Amino acid sequence: MVAEADEQRLTQAVVQLAANAVRYSDDGSRIWFRVDQVLGPEGPEIHVSVRDEGVGIDEEDQQRVFERFARAEGARGAGSGLGLPIVQAIAEGHTGAVRLLSRLGRGSTFTIVFPQFSAEAPRAVGEGAEPGSGHTGTRATHRSDDETDEPPRREQG
């Protein structure tokens, strides 16, 4: 699968999502990576997903985690609250968005969605929708639980 995209920026976004998945998951839990080509309303899209079995994000915090310096209630570690706004800016730089599906105690799935072929070249972070420039995650698309699969239950054993 080939797409018009900034490979370094997309790698940065996926690494950030993977680091968050590790930070908010227990040792020994699984993390999944998935890349799909999906027919979107305006043509083929690329969906890059990172799914974990971590603590999940309360519905009230799901918009807020895309705000600069914001951290979810009970956040683990010493993060700065800049990771997800940067991921969102990278997605928007590719004329895309970040989707979040999460439930407390069940884990989270973050999906970067962008057109496979775009009329405009990907913008660098800081061009257009800069993290914290008043943009608070309103372009992030949040799907309800019945629109997508839930993360699997953790196996006992």
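## Ground rules

Since the model is predicted, local features need pLDDT of at least 70 and side-chain atom pairs count only at pLDDT 80 or more, while totals for chains, interfaces and linings use all residues. Residues are numbered from 1 along each chain as its sequence is written, and side-chain values use heavy atoms, with hydrogens and water left out.

## Overall fold

The protein has two helices and five strands, taken as DSSP runs numbered from the N terminus (helices H or I, at least four residues; strands E, at least two). Along the sequence they go α-β-β-α-β-β-β.

Of its 157 residues, 39% are buried (under 20% relative accessible area; exposed is over 50%, partly exposed in between, with a 1.4 Å probe and protein chains only). Take contacts (heavy atoms within 4.5 Å) with a separation of 6 or more: residues 24 or more positions apart account for 68% of them.

## The core

The largest nonpolar core holds 19 residues; such a core is a set of buried Ala, Val, Leu, Ile, Met, Phe, Trp, Tyr and Cys residues joined through side-chain atoms within 4.5 Å. Leu17, Phe66, Phe110 and Ile112 touch the most other members. Two or more residues each come from helix 1 (7-23), strand 2 (43-52), helix 2 (83-93), strand 3 (97-103) and strand 4 (107-115).

Beyond its neighbours within four places in sequence, its contacts include Ala13, Val14 and Leu17, plus Ile46, Val48, Val87 and Ala97.

## Helix on helix

Helix 1 and helix 2 pack at about 150°, axes 9 Å apart. The axes are lines fitted to C-alpha atoms over the stretch in contact, and angles run from 0 to 180 degrees between N-to-C directions. On the helix 1 side you'll find Arg9, Leu10, Gln12, Ala13, Gln16, Leu17 and Asn20, meeting Gly83, Leu84, Ile86, Val87 and Ile90 of helix 2. That contact splits into seven nonpolar, four polar and one charged residue (nonpolar: Ala, Val, Leu, Ile, Met, Phe, Trp, Tyr, Cys and Pro; charged: Asp, Glu, Lys and Arg; polar: the others, Gly among them).

Phe66 and Phe110, both buried, pair edge-to-face at 6.3 Å centre to centre, with 65° between the planes. Rings of Phe, Tyr and Trp (its six-membered ring) pair if their centres lie within 6.5 Å, with planes under 30 degrees apart called stacked, over 60 edge-to-face and the rest tilted. Phe66 sits in the loop between strand 2 and helix 2 and Phe110 in strand 4, so the pair ties together parts 44 residues apart in sequence.
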